[in-house]
Amino acid sequence: MEKKSLPRVTYSNIGVDFGPLHDHLDVAIPAYALGTAHPNRIGGRNDEAGARFPVSSPIDDRIRLGEFFAADAAAVDRAVAAARKAAREWGRRPWASRVEAIRAVAAEVERRKYELGIACLIEVGKSRAEAMGEVEETVDLLRYYADEMAANDGYARDMARAFPREATRVVLRPHGVFAVIAPFNFPLALSAGMTTGALLGGNTVVFKPGPRSGLTGALLTACFEAVLPPGVVNMLCGEAAGPTLAAHPGIDGITFTGSHAVGMELLRGQAARSHMRPVNVEMGGKNPVHVTATADLEVAAEGTVRSAFGLTGQKCSACSVAYVERSVFDAFLAKLVGKTAALKIGDPRARDVFMGPAIDADAGARYAGAVAAARRDARLIHGGNRLSGGIFDRGVYLEPAIVADLPYEHRLNREELFVPFLSVMAVDDLAQGMALANKVDYGLTAGLYARDTDEIDLFFETAEAGVLYANRRSGATTGAWPGIQTFCGWKGSGATGKGGLGPWYVPQFMREQSRTSME
């Protein structure tokens with residue numbers, strides 16, 4: 001079968017026959033070349049300054065992904081200088097020209113999607129479906145943001161006239177240079193989305209991939225560089241590059257996805273400056289699902305399992321707490337445990353694996369600490385072990401953990417863990433569950449399973465989160481797609497009140513200017 005006719009993966013098309021895609025990946029994955037050096041990219045050129053460091057796959061620590069270069073302060077200076085130089089021309093380009101360029105980048109990503117998807121799988125430990133879905137999301141994200149720029153005429157508006165000879169037009173203008181600081185878990189879609197928002201707004205970019213995702217970062221940068229002038233997108237790796245970049249005086253804005261602690265540190269740092277630079281942050285979640293007595297428990301259990309344990313729980317939108325009405329608690333829990341026990345954990349290069357490894361030893365330690373606390377303070381219903389033997393000894397492979405009866409105010413019900421850990425709580429009714437969920441500092445996603453329309457209305461009107469799903473079999477709290485669901489963090493999950501994947505994302509990378517002239 002031609003590659004162009006292989007089935008396309010999204011996060012919600014469960015039940016599709018992906019056999020032909022798996023057949024292609026069965027051949028392509030073993031043939032994928034790894035282990036080369038990936039220099040930083042500054043001004044369209046390789047930059048090999050800084051200490052080399054190797055990175056291995058979380059799947060198997062014997063798989064060497066490649067060597068990368070830890071950018072020091074001097075490298076950050078060079079990258080910012082290159083971006084500032086390129087910004088002079090890029091920022092003056094007509095918005096329609098920038099849109100055309102981003103559409104060409106989307107075509108390049110689509111052309112290389114199997115290369116990018118396999119890299120994502122091996123580098124992060126995603127399943128085949130998760131990895132290929134992310135590449136498809138990346139393509140759609142680029143095209144959607146470009147389409148929104150065009151649909152809004154570059155976000156320019158003619159204003160009312162005070163008198164006939166006075167004309168005013170409001171335009172959105174670039175800031176200059178944006179630092180794009182990305183996480184490991186969606187190394188293509190999140191990196192591309194943040195970078196594209198900045199670029200469409202007329203800014204240039206210094207991009208810092210997650211510490212464990214330099215391979216996909218390098219491949220994605222190559223897609224941008226295949227279309228854009230040198231210096232419009234620059235890439236730096238290394239732990240120190242992120243904070244050095246964020247503090248650099250030549251940066252005009254920051255966009256970040258990651259932990260609440262780091263996001264708040266970035267916001268405080270900018271507020272202490274002589275003037276505020278824009279900081280767009282998405283800072284994780286503690287995402288609840290509510291299951292009422294009117295729910296279809298089969299659908300509810302499947303959607304909850306998919307959201308809690310997909311990508312080994314390492315999603316900011318992962319379902320981490322379930323509030324279940326007491327009358328169906330035992331029945332729901334039985335279905336939940338049964339479906340969880342059936343998940344295949346292992347090497348995600350195999351076609352039938354749902355859960356691969358956690359990203360690193362730190363994740364394993366968080367999981368062990370959470371399980372120990374749950375054993376002490378509640379009932380561990382399922383899982384709780386780090387797996388061993390064979391490939392399990394060469395990565396951090398974790399059983400999905402399901403815990404019941406934690407005290408409502410327990411830290412495990414309030415803190416983001418980023419591991420496969422689900423707390424299941426009994427509540428009197430939906431109103432009680434909503435009140436408990438809304439006490440949490442985060443507000444990213446939330447889900448509901450109920451067939452009563454009043455309950456659905458209560459959920460939509462009361463939930464303090466930016467992304468809400470009702471009765472979704474493909475995922476209780478996960479699965480947003482560009483142009484279909486927006487992805488906005490409320491409370492401690494965000495800062496701007498505007499989210500990604502939707503129509504109000506790109507304007508966050510520009511600033512308003514009113515232009516009045518006499519005719």
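Which residue in strand 5 is the bridge partner of Ala37? The partner is Glu67. This report starts from that pairing. The model is a predicted one.

## Strand pairing

Strand 5 spans residues 64-69. Strand 1, residues 37-38, runs parallel to strand 5. Two bridges join these strands. The bridge between Ala37 and Glu67 belongs to this region.

Strand 4 covers residues 52-56. Strand 4 and strand 5 run antiparallel, with five bridges between them. Ser56 has Arg64 of strand 5 as its bridge partner.

## Salt bridges

The whole structure holds 34 salt bridges. One of them joins the side chains of Glu225 and Arg41, with N to O at 2.9 Å. This pair links distant parts of the chain. Glu225 sits in helix 7, residues 214-225. Arg41 sits in strand 2, residues 40-42. Glu225 counts as partly exposed because its relative accessibility is 23%, and the partly exposed class lies between under 20% for buried and over 50% for exposed.

Arg62 and Asp60 form another salt bridge. Their closest N and O atoms are 2.9 Å apart. Arg62 is exposed, because its relative accessible area is 59%. Asp60 is buried, because its relative accessible area is 5%.

Glu115 forms a salt bridge with Arg112. Here the closest N and O atoms are 2.9 Å apart. Glu115 has 29% relative accessibility, so it counts as partly exposed. Arg112 has 16% relative accessibility, so it counts as buried.

Some charged residues are linked in a network. Arg8, Lys113, Glu136 and Asp140 are connected this way by salt bridges.

## A positive patch on the surface

Which residues gather in a patch of positive charge on the surface? They are Arg45, Lys85, Arg88 and Arg92.

Where is Arg92 found? Arg92 is in the loop between helix 2 and helix 3. Helix 2 spans 73-90. Helix 3 spans 95-111. Arg92 is exposed, because its relative accessible area is 66%.

Terms used. Residues are numbered from 1 along each chain as its sequence is written. This is a predicted model: local features need pLDDT of at least 70, side-chain atom pairs count only at pLDDT 80 or more; totals for chains, interfaces and linings use all residues. Side-chain values use heavy atoms; hydrogens and water are left out. Two strands pair if DSSP finds at least two bridges between them. Helices (H or I, at least four residues) and strands (E, at least two) are DSSP runs, numbered from the N terminus. Patches are made of residues with over 30% relative accessible area and no salt bridge: like charges are joined within 9 Å, nonpolar side chains (Val, Leu, Ile, Met, Phe, Trp, Tyr) within 5 Å. Accessible areas come from the Shrake-Rupley method with a 1.4 Å probe; for residues, only the protein chains shown count as cover. A salt bridge is a side-chain nitrogen of Lys or Arg within 4 Å of a carboxyl oxygen of Asp or Glu. Lys and Arg count as positive and Asp and Glu as negative; His and the chain ends are not counted. The place of a charge is taken as NZ of Lys, CZ of Arg, CG of Asp or CD of Glu. Buried means under 20% relative accessible area, exposed over 50%, partly exposed in between (1.4 Å probe, protein chains only).
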